[in-house]
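Q: Please take a close look at one part of this model. Which pieces meet there, and how are they arranged?

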Amino acid sequence: MGEKGTGVMRGISLPLERVRVLDITVVWAGPHCTQLLAEWGAEVIKVEPLQHIQPATRGAETRITREQALRMRGLSILSAPPEFDPGPRPWNRTPSFNSHARNKKSVTLDLLYPEGYNAFLKLVAVADVVVENNVPETIERAHITYEELSKVNPVLIMLRMPGFGLSGPYKDWRSFGTHMESLTGHHLLRGYPDLNPDMTGDAFTADAASGVMGAFAVLAALRYRRRTGKGQQIEMSQAENIVPYLAEFVMDYTMNGRVAPPQGNGHPSRAPHGVYPCQGDDRWIAIDAGDDVRWNALRRVLGAPAWMAEPRFVDSLSRWQRRAELDELLSKETRHWHDRELWRALADAGVAAGPVQNEAEVFNCPQLRERGFFESVAHPEAGTHDYPGLMFRMAETPNQIRRHAPLLGQDNDYVYHELLDLPPAEFDRLVETGHVGMDYPGRGPGADA
């Protein structure tokens, strides 16, 4: 249905060309879904209101000066601008948005006002897919449910990915990834046996997993529509999506009545299995030597310390039963090694191991550099930086990051004039009522700080 997008590169057509997606997503899970669709050729148009700042998306709700940013080195990575300088339009300089919004377009309109709503319906009429991950009652109040949008476009595919689904007692609960992580048991499982869950820290696995599954669901629905000519609504609860990732623990409870304790870096049956200190400040190595063959190889690499031959560590079951004291003894051995030297020695001996890298080491990883994983992207307001590249490659379909993340409202002219061909009076009305622009009211260049 959609017109040809920007998916052509060197004469190669990308798989999702001619698919137009309207993106009304926030934070990470929804934007990650549409990021994957945009990367492979879909024309993704991010619909952004000027009157209401979308939370934790462009970082516009965080309004700080450069001096404040320099003092706040703990500033959230969601809103930490390049060189800690917010610039005149900080919402165009946030690293998270510039990563997941690449290859997308941006149009400004507010669905909660009649003028914006009517313009949005015109967009729906020429779109293939709508993706949203808002709380259900917000979508219902805005009258942009599938039942209402399908009247405008009967073959529309709409992906709805709220935290807890479109029904049930938690339906309208507002949540971030950490809430779903806790309610689905992931926070507890990945915690450490000697610490409370509040010491675990954040991990947003549910967001990442939901983005990938959301993109897959859209592709399945597009395939179904191609075969049948029918659109449909896709309901994907982000919480339900993450529970199958923890299925072995859930099944152990349903089958055996056992509730698993926090796992930390341990393993339900293998030891040693963990992260151990090495020479230097905050240097670590991950080691898995859970069977006798790897245990003996580990012992040889470490110089056959006497304690490793003691009867209490004679077999894999004994080692697992004494894993706490084993980890303590093993840590004393690994402290004498440089993490990369020990890694190489263990790899040569057939023991699964790897240094625990920080983001600087990942960025300079020789494997990723040799493969050209990171791509340089020039952004008109955020500058030129290397970005993580595509998550998979196709042998017959060369691909790369084709466009920087859009400036707020950068594609207003394209959407309103070329795509919708709005009459001048109607467009002027949108301008007058504050729907069209590239700055949030009172927040752009020249506004008071």
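A: Contact here means heavy atoms within 4.5 Å, and helices (H or I, at least four residues) and strands (E, at least two) are DSSP runs numbered from the N terminus. The model is predicted, so local features need pLDDT of at least 70 and side-chain atom pairs count only at pLDDT 80 or more, while totals for chains, interfaces and linings use all residues. Residues are numbered from 1 along each chain as its sequence is written, and side-chain values use heavy atoms, with hydrogens and water left out.

Helix 1 (residues 29–39) supplies Ala29, His32, Cys33, Leu36 and Leu37 to a contact with helix 9 (residues 205–228). On the helix 9 side the residues are Asp207, Ala208, Ser210, Gly211, Val212, Gly214, Ala215, Val218 and Leu219. By class, this contact has 9 nonpolar, 4 polar and 1 charged residues; Ala, Val, Leu, Ile, Met, Phe, Trp, Tyr, Cys and Pro count as nonpolar, Asp, Glu, Lys and Arg as charged, and the others, Gly among them, as polar.

The axes of helix 1 and helix 9 come within 7 Å and cross at roughly 45°. Axes are lines fitted to C-alpha atoms, for helices over the stretch in contact, with angles from 0 to 180 degrees between N-to-C directions. Helix 1 and helix 9 are therefore oblique to each other (under 35 degrees is roughly parallel, over 145 roughly antiparallel, 65 to 115 roughly perpendicular, the rest oblique). The crossing of helix 1 and helix 9 is right-handed, that is, the near helix is turned clockwise from the far one by less than a right angle.

Strand 4 (residues 129–132) is joined by 4 bridges to strand 1 (residues 20–24) and by 4 bridges to strand 5 (residues 157–160). Val130 is the bridge partner of Leu22. In strand 5, Leu159 is the partner of Val131 and Arg160 that of Glu132. Both faces of strand 4 are covered, with Val129 and Val131 buried on one side and Val130 and Glu132 buried on the other (buried is under 20% relative accessible area, exposed over 50%, partly exposed in between, with a 1.4 Å probe and protein chains only).

Key:
Two strands pair if DSSP finds at least two bridges between them.
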